[in-house]
Amino acid sequence: MLDLLTYLFEKVFLLANFSLFNLISAEEDKSTDYREGLALQRGDLLEVPRTLFIHFGIYLGDNKVAHLMPDIMPVITNDKRQIQKVVTNKRLLLGVLSKNATIRVDTVEDFAYGSTILLNNMDSTFKKQALPNEEVAKRAEKLIGVIPYSLLWNNCEHFATYCRYGSPVSLQTDKFCEWLKSVIRDQRSVLLAALLGVLSIACLGMAPSTTLPTILIPFLLWMAG
């Protein structure tokens, strides 16, 4: 039991590190911070550290940024004034769950939402060379509108890297998938899943909704590991 609890704590700690890794790295890289008064160029890639992730956008000039945001509003209304309002957390969450998003244009201030902006921070780490700035901006402008959303396969980072480098890549997604692989490969995940299944049966009773997951989830983890 102690071994399982240690394992669970270890994975929670790793997940926290995953969530904060980019945030810490961004804060340490002061050479690329955006400060008020610094001139941005059309086609620049902008990054904003959030609580659990980094948000990406492409600067279009005239204080405007194109960025991909999960959003439920375009699904329920055609009122452009309502859609153009700043996306609330509720709108964003419903957009993620319904897999709907928009590539929208906001001011730099609304995009930043009070956070520090990192300027072209990926240029030094991305394998491909950045495209000419004007081409980057035109790519972003062509994509403006409603699009399907996927947390892992079509998020704001995929949009920004496609525009900037020509390839839709999400380094944050890659890190999460590597973390998930480490969980699956660790055989203690099987024991932990089985223990949770037994607890659910003890609390909720014997039923298909509790018994089947108790059997199938540990089995799949064991096979995958």
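Guide: A crossing is left-handed if the near helix is turned anticlockwise from the far one by less than a right angle, and right-handed if clockwise. This is a predicted model: local features need pLDDT of at least 70, side-chain atom pairs need 80 or more, and totals for chains, interfaces and linings use all residues. Numbering starts from 1 along each chain as its sequence is written, and side-chain values use heavy atoms, without hydrogens and water.

Visitor: Which hand is the crossing of α6 and α7?

Guide: Take helix α6, residues 133–142, and helix α7, residues 156–165. Helices are DSSP runs (H or I, at least four residues), and strands (E) need at least two. Where α6 passes α7, the crossing is right-handed.

Visitor: How many residues apart in sequence are the parts that E134 and R42 tie together?

Guide: E134 and R42 form a salt bridge (a Lys or Arg side-chain nitrogen within 4 Å of an Asp or Glu carboxyl oxygen). E134 lies in α6 and R42 in the loop between β1 and β2, so the parts they tie together are apart in sequence by 92 residues.

Visitor: Is D106 buried or exposed?

Guide: D106 forms a salt bridge with R104 at 2.8 Å. Buried means under 20% relative accessible area, exposed over 50%, partly exposed in between (1.4 Å probe, protein chains only). At 8%, D106 therefore counts as buried.

Visitor: Which residues do salt bridges that share partners join into one network?

Guide: R42 meets E141 in a salt bridge, at 2.9 Å. R42 also meets E134. The network formed through shared partners joins R42, E134 and E141.

How values were computed: Axes are lines fitted to C-alpha atoms, for helices over the stretch in contact, and angles run from 0 to 180 degrees between N-to-C directions.
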